[in-house]
Amino acid sequence: MEKFGKSQPITRVEDQRFLTGQGRYVDDIAPAGALFAVFVRAQVGHGVLTGIDADDARAAPGVHAVLTADDLLAAGMVLDLAGAQIKTRDGGKGAHTRRPILAQGHVRHVGEPIACVIADTLAQARDAAELVMVDIDDLPAKMDVAVGGQMLHDTAPDNLAFDYGLGDEAATDAAIAAATHVVQVQVTDNRIICNAMEGRGCYAEVTDGRLHVAVNGQGVWVPKGDLVKHFDLSPEDVRVTTPDVGGGFGMKAMRYPEPFVVAHAARALGRPVRWMSERTEGMLTDNAGRDLVTQATLAFDADHRLTGYKLDTLANMGAYNSQFGQGIQTDLFSKVLTGTYAVKHAYMRTRGIYTNTTPVDAYRGAGRPEAIFVLERSMDEAARQLGISGWDLRKRNFIAPDQFPYTTASGVTYDVGEFSALLDTAQGSADTPGFAARKAASAAAGKLRGQGICYYIESILGDPSETTTVEFTEGGGALIYVGTQSNGQGHETVYAQFLSDQTGIPADRIAVIQGDSDRIATGGGTGGSRSVTVQNTATLATVDAMITSFTAYLSEKEDGAVSFDDERFRIAGSNLTPTMLDVAEMARADGRNDLLRHSQRITLDNRSFPNGAHVVEVEIDPETGETAVDRYTVVDDFGNLISPVLVEGQVHGGVAQGLGQALMERVVFDEDGQLLTASFMDYGMPRAADVPMIDFSTRGTPSLYNPMGMKGCGEAGTVGALAAVANAVLDALWDSGVRQIEMPFTPHRVWGWLQEARSEPA
């Protein structure tokens with residue numbers, strides 16, 4: 001039996017309850033009799049908040065309270081939500097902007113919470129919210145992503161959140177100046193809304209003097225720490241739980257105002273209080289993703305080897321500092337600079353700029369592929385201008401297998417990889433030799449066909465530390481306590497199956513416990529594709545501790561050497577072959593309760609580097625501009641796989657998400673900061689008919705940076721899809737004279753580019 005798991009396809013155990021409507025989501029499990037919260041939100045993008053008249057609302061039927069910032073302050077709450085300050089190019093820190101839980105003094109984006117109505121029923125709370133009169137003196141909105149203009153914060157001159165740089169700017173400029181070939185391209189990474197199937201929500205209650213908040217997030221420990229801080233409570237007086245979660249995508253890992261207001265209402269009223277975001281409310285207030293414009297300059301020598309590149313990015317940060325950290329931001333930019341290429345010099349400058357929009361989660365929102373997208377789009381642009389194929393250009397610049405471990409220009413060290421071999425595999429799987437015939441067939445039908453490729457690489461880790469605890473229960477079962485949080489990825493299946501693989505305990509007798517700060521002392525939550533790699537490494541350490549303890553226990557009871565073969569203990573000279581559950585029951589009978597619970601905490605020293613190739617073919621109708629994705633091939637290097645079925649599902653979902661952004665998703669505001677795409681009537685989302693069959697396979701090189709050789713897969717589908725689709729669309733349009741395109745590739749846009757190209761002189 002393999003030491004690191006059997007890696008067999010298995011059916012997700014949680015799907016039975018999800019598909020039969022038995023999921024336990026936060027809005028399903030709110031306490032009986034809980035009051036309902038509805039938020040009164042800013043209807044203008046920018047202004048001075050001069051007054052709030054809530055008298056009529058407070059007198060409305062069923063209303064228990066109407067809360068404003070003044071009420072929270074009077075209760076002694078810390079009103080300001082924490083926001084990160086980014087290290088700047090001059091060695092200082094970026095702007096610190098004050099973000100109150102409820103608006104105080106100013107409003108800075110449409111949808112900002114101003115007051116909260118608490119009532120017996122949702123209908124009563126909604127009706128009363130309409131009675132709250134808010135006076136705002138309008139100020140001009142700041143909607144362009146550029147330094148200067150109408151200032152939103154006194155502490156952010158010119159609306160500059162941060163000006164960050166990474167790499168050697170002087171050496172990069174010199175490399176560009178000395179290059180034989182220089183290619184420039186501008187890439188727009190369009191703003192999107194995560195639109196998780198389940199919107200944000202929470203409930204709060206006070207039980208036996210303790211505050212309990214249930215929130216559908218991506219980990220319970222950050223919310224718990226925040227509640228302790230904002231209410232000046234001791235950690236022992238706060239419990240945070242997370243039930244089933246219907247999608248997170250990084251958006252639900254962020255810090256939001258609503259849970260604090262709901263918690264205060266529960267404490268003040270002595271009643272449970274619940275809140276659930278509606279779809280348009282979420283579109284207005286959930287942290288969005290992307291919203292970057294990057295100017296890329298790539299330098300090549302005479303042999304078309306990439307000698308340096310420079311990226312200058314403008315990022316829309318929304319109205320306030322988001323919950324990202326300096327370490328996270330550095331990781332994002334390091335990934336831009338490392339790429340898969342043996343480049344000598346690179347430099348990236350990013351300026352985050354405040355506007356009158358909801359905050360942008362520039363790090364995790366919806367998969368965060370912008371780094372890969374910029375470089376991969378640039379590589380295909382460069383290939384066309386250099387007169388060679390994108391396949392050949394990549395292969396000339398790949399790090400060779402015998403060069404590993406390889407330290408990149410930004411100081412990141414890759415452990416292992418077989419990039420050229422994997423790309424060859426993808427080329428064969430995609431039937432690249434047959435592309436010319438397919439293109440000719442499309443042309444005969446009056447269609448345009450293009451092929452696009454993307455070779456991505458990611459660095460995966462997030463929080464490098466995690467704890468696994470295994471507890472044996474009476475009756476012959478086990479509980480595994482984990483510090484991550486499933487948002488629909490199948491953690492219950494993969495954690496139980498992995499523990500079963502290592503111990504022989506039947507998977508159906510293992511229950512996964514997550515999302516409860518009372519039962520689990522610490523954890524890193526879910527984000528950055530960390531979960532399975534870090535959590536299962538902790539499980540492996542815990543299993544080793546269990547084997548050591550049980551072996552010592554059996555050695556005390558029986559004569560002969562004791563060994564364990566992943567299913568049973570073997571005792572030399574004895575016919576006894578107890579399972580781990582058998583030994584646990586023996587220990588229980590002997591009063592050895594110390595052997596019934598085992599826990600280990602680990603910290604990984606390095607991140608892993610999943611990588612892979614996406615090959616896409618699109619067919620475009622030039623008369624309508626409609627783009628159809630006709631063929632999609634993915635070959636990934638995820639190292640050793642724990643659950644191949646779940647890995648493939650993650651990639652399929654990620655590809656669908658990438659197709660959504662590439663082909664239809666786009667956030668649009670008007671000049672006053674009003675969101676024009678605030679419902680699914682106006683905001684496009686991919687459906688089954690928009691997603692082709694996906695040919696998926698893996699070619700793994702086990703990572704050297706964790707004991708199981710794993711590499712995270714959670715974001716892989718999205719990071720490859722955007723660039724591959726963009727390159728395919730441009731390839732299809734190239735012969736028609738189109739040279740610049742921007743996502744999303746909607747029919748109207750594609751048709752317009754074709755008309756412009758036809759009208760321009762040759």
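This is a predicted model: local features need pLDDT of at least 70, side-chain atom pairs count only at pLDDT 80 or more; totals for chains, interfaces and linings use all residues.
Contact here means heavy atoms within 4.5 Å.

Take α11 and α12 to start with. Trp-391, Arg-394 and Lys-395 on the α11 side meet Ser-420, Leu-423, Asp-424 and Gln-427 on the α12 side. Sorted by class, the residues of this contact come out as two nonpolar, two polar and three charged. Helix α11 covers residues 390-397 and α12 covers residues 419-429, and the two pack with their axes 10 Å apart at an angle of about 165 degrees. Angles over 145 degrees count as roughly antiparallel, so α11 is roughly antiparallel to α12. As for handedness, α11 passes α12 in a left-handed crossing.

Then there is the pairing of α14 (residues 491-503) with α15 (residues 531-557), where the axes are 10 Å apart and the angle is about 30 degrees. Since that falls under 35 degrees, α14 counts as roughly parallel to α15. The contact draws on His-491, Val-494, Tyr-495, Phe-498, Leu-499, Gln-502 and Thr-503 from α14, and from α15 on Ser-531, Val-532, Gln-535, Asn-536, Thr-539, Leu-540, Val-543 and Met-546. In the contact of α14 with α15, eight residues are nonpolar, seven are polar and none is charged. The crossing of these two helices is right-handed.

On to the backbone. Most residues other than glycine have a negative phi, and most peptide bonds are trans. A few spots in this model go the other way. Phe-404 and Pro-405 are joined by a cis peptide bond, with omega at about -5 degrees; Pro-405 sits in the loop that runs between α11 and β18 (406-407). Another cis peptide bond links Met-743 to Pro-744, again with omega of about -5 degrees, and Pro-744 belongs to the loop between α18 (716-734) and α19 (747-759). Asn-195, a residue other than glycine, has a positive phi, near 55 degrees. Its loop is the one between β10 (181-189) and β11 (201-207).

Nine cavities of 30 Å³ or more turn up. The second largest cavity has a volume of about 60 Å³. Its lining is drawn from separate parts of the numbering: Glu-14, Arg-17 and Phe-18, then Pro-243, Asp-244 and Val-245, and also Gln-485, Ser-486, Gly-488, Glu-492 and Gln-514. By class, that lining has three nonpolar, four polar and four charged residues.

Note on methods
Residues are numbered from 1 along each chain as its sequence is written. Side-chain values use heavy atoms; hydrogens and water are left out. On a 1 Å grid over the protein atoms alone, a cavity is a set of points where a 1.4 Å probe fits but cannot get out, and a pocket is an open set with protein on both sides within 12 Å along at least five of seven lines; lining residues have an atom within 4 Å of a point. Grid points are joined across faces, edges and corners, and a volume is the space filled by probe spheres set on the points. Ala, Val, Leu, Ile, Met, Phe, Trp, Tyr, Cys and Pro count as nonpolar, Asp, Glu, Lys and Arg as charged, and the others, Gly among them, as polar. Axes are lines fitted to C-alpha atoms, for helices over the stretch in contact, and angles run from 0 to 180 degrees between N-to-C directions. Helices (H or I, at least four residues) and strands (E, at least two) are DSSP runs, numbered from the N terminus. Angles under 35 degrees count as roughly parallel, over 145 as roughly antiparallel, 65 to 115 as roughly perpendicular and the rest as oblique. A crossing is left-handed if the near helix is turned anticlockwise from the far one by less than a right angle, and right-handed if clockwise.
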